[in-house]
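Please look through the sequence and the structure, then work through each solution step by step.

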Amino acid sequence: MRTTWRIGRLFGIKVNIDSSWLIIFGLVTWSLASSYFPAQYPAWNTWLHWTVGVATSILFFASVLAHELTHSLVAIRQGEKVRGITLFIFGGVAEITEEPKRPSKEFLMALAGPLSSLVISGIFTLLWFLSRNLIEPVSALASYLAMINGSLALFNLIPGFPLDGGRVLRAVIWSLTDNRRLATRVASWIGRGVAFLFIFAGIWQVFSGAWLNGLWIAFIGWFLNNAAITGYRQVVMRDMLREVRVEDLQAPTYEAVNPGLTLQRLVDDYMLRRRDHAYPVVEGDQLQGIICLHDVKAVPRKKWSETQVSQVMTPWDRLVTVSVGDDGNTVLSRFGTHDVNQLPVVEGRRLMGIVRRSDVISHLQLQSELGS
Ligand SMILES: [Zn+2]
């Protein structure tokens with residue numbers, strides 16, 4: 001189970017830290033303070049090595065954050081929704097909820113990140129230039145950050161999907177062929193080729209004695225390979241779901257309950273008899289809310305017979321719904337952005353059906369087994 005912490009908002013975008021990030025932050029700080037700076041500046045004392053090491057490491061991750069923030073701001077500018085930015089062991093990721101709809105949008109969004117890293121590298125080069133004969137710790141920090149941000153820009157420009165350069169390449173092929181799936185396939189082939197080069201280079205290094213460095217490079221290759229495969233699958237899945245209507249995904253049967261029902265009856269007559277954990281609450285034909293196992297468990301058992309469903313359900317105004325006529329991609333992105341397991345299908349406020357997360361998955365499995 002992965003843990004992420006929300007650390008704040010920047011320009012309205014949520015910034016999260018994944019627990020795996022602590023490992024890379026620790027490793028980078030430690031290698032800067034105990035080996036990189038001591039080798040370059042042996043005259044400094046340990047205290048100074050660590051102070052500059054920690055400061056450099058913090059600024060490095062702030063630079064990674066700025067890179068992802070630039071992707072996100074350009075995406076928002078283009079009318080996309082951004083769920084947030086998460087820093088994790090391999091750097092950062094901006095979670096943009098939908099695939100861009102036009103190649104030009106993707107081109108700008110992808111290019112913005114490496115460009116921001118180049119600008120940051122330029123700023124640190126300037127800082128290094130100004131401080132080089134005056135304050136050695138500052139110029140040391142600045143020269144490292146200029147170099148690392150420059151490498152970050154170059155690494156991200158490698159034309160393999162899902163790296164930024166791969167997205168740029170995909171946008172170019174997509175605009176030339178007008179076929180996003182083909183463009184993604186080519187860009188992820190190259191991405192997987194690059195990933196295997198990393199894995200081989202890593203293994204080579206391990207056998208040449210630089211085992212820690214080698215393992216790290218191979219590990220990055222393994223991650224890139226997985227990301228290239230998943231990225232392509234997602235595009236295929238989205239293409240498949242675009243043809244699907246909400247009505248095709250709806251559960252064949254579902255049971256609605258009355259708002260006046262007690263929790264005891266809900267548990268005895270519904271939850272224990274059926275496998276469903278959640279029920280739409282309906283009065284007349286108007287949807288009032290949804291009650292789920294989680295809501296019931298929040299109430300002490302001895303109060304179940306005196307508590308009504310309407311008192312603890314998620315009410316209508318807080319429900320996430322889909323409308324009759326929406327396509328499968330809308331359903332998928334609702335499930336992606338909200339932590340729910342079922343979506344009521346409505347027309348106005350009338351309940352027309354229910355789509356469960358598991359229905360979408362089984363539909364996709366059936367489709368791919370039928371080979372369509
Ligand atoms: Zn990027």
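## Overview of the chain

The secondary structure of the chain comes to 13 helices and ten strands, where helices (H or I, at least four residues) and strands (E, at least two) are DSSP runs numbered from the N terminus. This is a predicted model, in which local features need pLDDT of at least 70 and side-chain atom pairs count only at pLDDT 80 or more, while totals for chains, interfaces and linings use all residues. Residues are numbered from 1 along each chain as its sequence is written.

## Exercise 1: A helix pair

Determine how the axes of H7 and helix H12 (residues 328-337) cross.

Step 1. The two axes, lines fitted to C-alpha atoms over the stretch in contact, with angles from 0 to 180 degrees between N-to-C directions, come within 7 Å and cross at roughly 125°.

Step 2. H7 is therefore oblique to H12: angles under 35 degrees count as roughly parallel, over 145 as roughly antiparallel, 65 to 115 as roughly perpendicular and the rest as oblique.

Step 3. Arg238, Leu241 and Arg242 in H7 meet Gly328, Asn329 and Leu332 in H12.

Step 4. This contact of H7 with H12 has two nonpolar, two polar and two charged residues.

## Exercise 2: The largest nonpolar core

Identify which residues of the largest nonpolar core touch the most other members.

Step 1. A nonpolar core is a set of buried Ala, Val, Leu, Ile, Met, Phe, Trp, Tyr and Cys residues joined through C-beta atoms within 7 Å. A residue is buried if 20 or more other C-beta atoms, placed from the backbone, lie within 10 Å of its own, exposed if 12 or fewer, and partly exposed in between.

Step 2. Among the 27 residues of the largest core, Ala110, Val168, Ala195, Phe198, Leu224 and Ala228 touch the most other members.

Step 3. H7 supplies the largest share of this core, six residues.

Step 4. Not counting residues up to four places away in sequence, Val168 touches Phe107, Ala110 and Leu111.

## Exercise 3: Backbone exceptions

Find where a cis peptide bond occurs, and where phi is positive in a residue other than glycine.

Step 1. Most residues other than glycine have a negative phi, and most peptide bonds are trans.

Step 2. A cis peptide bond, with omega about 5°, joins Phe161 and Pro162.

Step 3. Phe11, in the loop between strand E1 (4-10) and strand E2 (13-18), has a positive phi near 50°. Phe11 is exposed, with 10 other C-beta atoms within 10 Å.

Step 4. Asp178 has a positive phi near 60° and is exposed, with 10 other C-beta atoms within 10 Å.

Definitions and conventions. Two residues are in contact if their C-beta atoms, placed from the backbone, lie within 7 Å. Ala, Val, Leu, Ile, Met, Phe, Trp, Tyr, Cys and Pro count as nonpolar, Asp, Glu, Lys and Arg as charged, and the others, Gly among them, as polar.
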